[in-house]
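Please examine the sequence and the three-dimensional structure shown below. The paragraphs that follow lead through them step by step, from the chain as a whole to its cores, strands, loops and cavities.

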Amino acid sequence: MSDSNFGPPRAHPGGNGGGDGEGPPGRPDPATVTPARRPLVTALVVAAVIIIVLAIAAQFWTEVLWYQSVSYTGVFTKQIITKVVLGVVGGLLTAVVVWSSIHIAFRNRPIYAPSPDTQAMEHYRQLVEPMRRTATIAAPLAVGFFAGLSAATQWDTFLLWRNGGPFGSVDPEFGLDLGFFVFTLPWINFVVGFLTMILVLGLITAAFTHYLYGGIVAGQKTRSTQAARIHLSVIAAALVLVRAVGFWVDRYNLATSQSTRLTGIQYKEAQAVIPTKGILAIAAVMCAILFLTVIWTRSWRLPVVGLAALTVIVVAVGGIYPALVQSLKVIPSEKSLETPYIKRNIDATRAAYGFDKIQVQNYDTKTIATPGQLKSDASTVPGIRIIDPNIVSPTFKQLEASKGYYQFPDVLDVDRYKLDGKTQDTVIAAREINLAGIPDGQSNWLNDHTVYTHGYGVVAAKGNTRDADGRPTFFESTIGTTGALGKYQPRIYFGESSPEYSVVGGGKKEFDYPDPSGGTQITNTYAGIGGVPLDGLKRLAYAVKYREINFLLSDAVTADSRILDHRTPRERVQRVAPWLTLDGNAYPAVIDGRVQWILDGYTTSDEYPYSEKTTLDQATADAITSNRTAVRAVQGGQVNYVRNSVKATVDAYDGTVSLYEWDPTDPVLKAWMSIFPGTVKPLSAINGALMQHLRYPEDLFKLQRTLLSKYHETDAATFFTGQTFWQVPDDPTQAGVSLSQPPYYLSLAMPGTKKPSFSLTSTFMPAGDRNVLTGYLAADGDAGSTTGKKSPDYGSLRLLETTGGTVSGPGQVFNDMRTSGQTSKDASLGGLTLAQFITTTGSQGASTVIFGNQLTLPVGGGLLYVQPIYVQAKASGSYPLLSAIAVSFGAKIAWASSLDGALNDLFGGSSGAEAGDQGTVSPTNPATPTAGATTTPTPKPSAAGTPDEVALAAALKDAEAAYAAGEAALKKGDFAAYGEAQTKLKSALERAVKASPQGLATKAP
């Protein structure tokens, strides 16, 4: 650019001769006709504005009312105030910078004589001039508005910066407390980024305005005024100075940077990148100083030289040099150079995800089953859960829903209760209202929102037994009666499937439950404290919020009524604790006469130095979250620090939300408790009744097992090779898809422990294609029953690494069971092999075989697999019934109609322990699907008897021969022979069904 100013003064561009660009007022053009006003358009605009304002006001007021109803008003106001302050400060700062850029550039526009170079912009100045004043105000405000919205989203980052404390540990590279990286660094990064954005906007705006009004002229030789040079150089200097701070701060960001190998600083970063970042910061400061020299030198030469030099330094020092270090120094000796940094990553990851104190044990696995082998595990075997909560939801619904307007989740929950003085693993679910099941013609606003308002009671069954016909053994079920859980408030007004809102109370009778005697329905009036009273103008506010005029017109809504909304446990907890990441599954428990929903809350961060980053939704996804709706993967982005810091409860009757401190040592929780004082109750406030039902959170366990698949290896040199990495097995029961096997809750005693505890378990296989077990993980989930004190063993992680005989993986065992030629010694199963039972039951077209959760237990010195097998008819109204149980130890497989029978068969006639389910199954009557469910009882074939018995025996013999022939043909790859064998098998099975004395049995409940 030229250093000279322009020619002699003549006129201000964009003006009419006045100093501010405004000419004297003139007379209106006589041809100009003032347009007639249009009252209708004005009225519509005013009405639209009123409606929008009313909707916003109603939404805001009802939010305030809701937070008041749950006594968490401080959470709402703190968020609003912080967001408003950040938004206003960020928006005003942006608007001021943009406005000042326009204003300074316009006020310092040059006075010039018209020339070809300046005349080109005159046309654009004339176009802009009529709206200049408006644009000078409106444009900065618009930009500031959006910038303010962006700043407001950082309310949590700001509050953590203001309230965060030390972790008590320092990072190994900079010697700074970890709290700097978790609490302070994110806010510094935001401020640097926000200031960079503001200054870029200011620089662009200033340059454009100077160009428009002649301060910069782009001709054959670009020229600029001294005012333009000073203005732009000051903004550019500030921008480069902010980037200098950014270069310096980037040194610390390397501690959480992600590479292809791991998270954190490695050799290249430590030896090349960190020093060069410091050099870049110094160079940027010097460049900023050079920009300011324009004020005195009246020339762009030094800033241009400085900017070019900074660019060269960024490319050479910041890019080329680290690349050379990596290729010439690191790669030839990568293992030895990276080992210290890998060790940092291993230690940080194990600490950040809470498994640094895991107990690892070499497990010399036995693979030969011998009589009495489970004697030392006699306390564990009764805790083997054979009722699968992922399968029996239709069974609960058919037997215990009573009416179509009740429902159960598609995945039930596992808890434990004391029955007859003993702790019993339990499958439990709440009976919730289902508006979709209301009889045809009865669904309307009045019924949907004032009559059918709540569910009723919980249904619970023992986890380790079943009835003789394969049904769960219920101990809490029938509506209107008192079961084993005693008297409690059974009404479920707040649940996972509750309607969007209900209007209750005010003397209005609501449907409670159907009369068991067949008379009129039982009604009830809500008497709880939940919800918001609908007195005064509140009815209008909710009418506007939900766009429903019946709030104002219906006589079912009175001043004494209450509205219940935001009713799911997850939503209620998330609203009062927006800083928590919530577990994917809330579960109900009967505690002190109330149904309470229990939900685990996590504090997370993605700024923990050197800890491996993982994506929440991917790490917590499995076969259940992918196929069901009641349980879902945790929603969120990347994290590298997590703690189960809070246990939350939601009262199913009045919606009361309680947050309890669970990890008092967590610095992130301490920060949030400082931000929202009084919202989280101390650990001492958890009473013994609630403590009994708290368990190890499933999604935290999934995260830990995902990381443990690599980070069980603590030797950095071995970790570098990756040859000891594991993987979580796929769920073998999910045909044709690759979905991780979910972890399972059950009570067991791990090797080396004295008694069983309620645990969460999972297995590991080698990374790759080998389907063998290499590890078994269990988390102690028994919190105890002492008020204010959790069990010292709670949360203990124990990892068994197999070192003995090779143990087949879940997929291999599942395939072995499906093709097993093992005949059950259970007479009720008709002498079929396991493969025949599966094929026979599923191939007749009348029923389906469903495989339940494949449990793995470290008992008998080895690993025992337990596979429940359900049968469900295809007829309408049918439901799954537990028909058989297959077990495997080493290479041996056994199966029976009961777990005791299968175990005794597996271990040579006597396992040495009792599962406790032997007496629940009739020895002569196998589990028979009921209520439309069918199966095919097959008597044991005999050489003599009635004609039907002889025919049946012959048919079964032919079926066995055809099955064996088919398997042999399949192994040889002779598909023609295989097809012929399958035809013979089908014919033999049809003859067996016809010859059966009972045929296809159907039993009504």
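Helices (H or I, at least four residues) and strands (E, at least two) are DSSP runs, numbered from the N terminus. Under this definition the chain holds 27 helices and 36 strands. The model is a predicted one, in which local features need pLDDT of at least 70 and side-chain atom pairs count only at pLDDT 80 or more, while totals for chains, interfaces and linings use all residues. Residues are numbered from 1 along each chain as its sequence is written, and side-chain values use heavy atoms, with hydrogens and water left out.

Two further terms describe the chain as a whole. A residue is called buried under 20% relative accessible area, exposed over 50%, and partly exposed in between (1.4 Å probe, protein chains only). Of the 1005 residues of the chain, 53% are buried. A contact means heavy atoms within 4.5 Å. Among the contacts in the chain with a separation of 6 or more, 70% are between residues 24 or more positions apart.

The interior may be considered next. A nonpolar core is a set of buried Ala, Val, Leu, Ile, Met, Phe, Trp, Tyr and Cys residues joined through side-chain atoms within 4.5 Å. The largest nonpolar core has 124 residues, and Trp579 and Leu659 are those with the most contacts inside it. Helix α6 (residues 178-212) gives the most to this core, namely nine residues. With neighbours within four places in sequence left aside, the contacts of Leu659 include Tyr72, Val573, Val646 and Val680. Another core, of 73 residues, lies apart from the largest one, and Val807, Leu829, Phe889 and Ala915 are among its residues.

Strand β29 (residues 797-802) shows how a strand may be enclosed. Five of its six residues are buried, so β29 is largely enclosed by the rest of the structure. Two strands pair if DSSP finds at least two bridges between them. Strand β3 (residues 359-363) runs parallel to β29 and is joined to it by five bridges; within this pairing, Val360 has Leu799 as its bridge partner. Strand β28 (residues 775-780) also pairs with β29 over five bridges, but in the antiparallel sense, and here Ala778 stands opposite Arg798.

A helix can be enclosed as well. In helix α25 (residues 899-906), six of the eight residues are buried, so this helix is largely enclosed by the rest of the structure. The buried residues are Leu899, Asp900, Ala902, Leu903, Asp905 and Leu906. They pack against β32 (864-873), β33 (881-889) and β34 (892-896). An α-helix has 3.6 residues a turn, so residues three or four places apart point the same way.

An open sheet of three strands, paired antiparallel, has the order β12-β16-β15. Its edge strands are β12 (501-505) and β15, each of which pairs on one side only. Strand β16 (residues 561-565) and β15 pair over two bridges, and Pro533 has Arg562 in β16 as its bridge partner. Gly531 lies in the loop between β14 (522-524) and β15 (532-533). Is Gly531 buried or exposed? Its relative accessibility is 12%, so Gly531 counts as buried. Gly531 and Leu564 are 33 residues apart in sequence, yet their C-alpha atoms are 4.5 Å apart in space.

Val631 lies in the loop between α18 (623-627) and β21 (638-639) and is buried, at 7% relative accessibility. The C-alpha atoms of Val631 and Gly584, 47 residues apart along the chain, are separated by 5.6 Å. Not counting residues up to four places away in sequence, Val631 touches Val411, Gly584, Asn585, Ile624 and Thr625.

On a 1 Å grid over the protein atoms alone, a cavity is a set of points where a 1.4 Å probe fits but cannot get out, and its lining residues have an atom within 4 Å of a point. Grid points are joined across faces, edges and corners, and a volume is the space filled by probe spheres set on the points. By this rule there are six cavities of 30 Å³ or more. The largest cavity has a volume of about 190 Å³. It is lined by 20 residues, of which Pro389, Asn390, Val411, Glu698 and Pro743 lie nearest its centre.

Notes. On a 1 Å grid over the protein atoms alone, a cavity is a set of points where a 1.4 Å probe fits but cannot get out, and a pocket is an open set with protein on both sides within 12 Å along at least five of seven lines; lining residues have an atom within 4 Å of a point.
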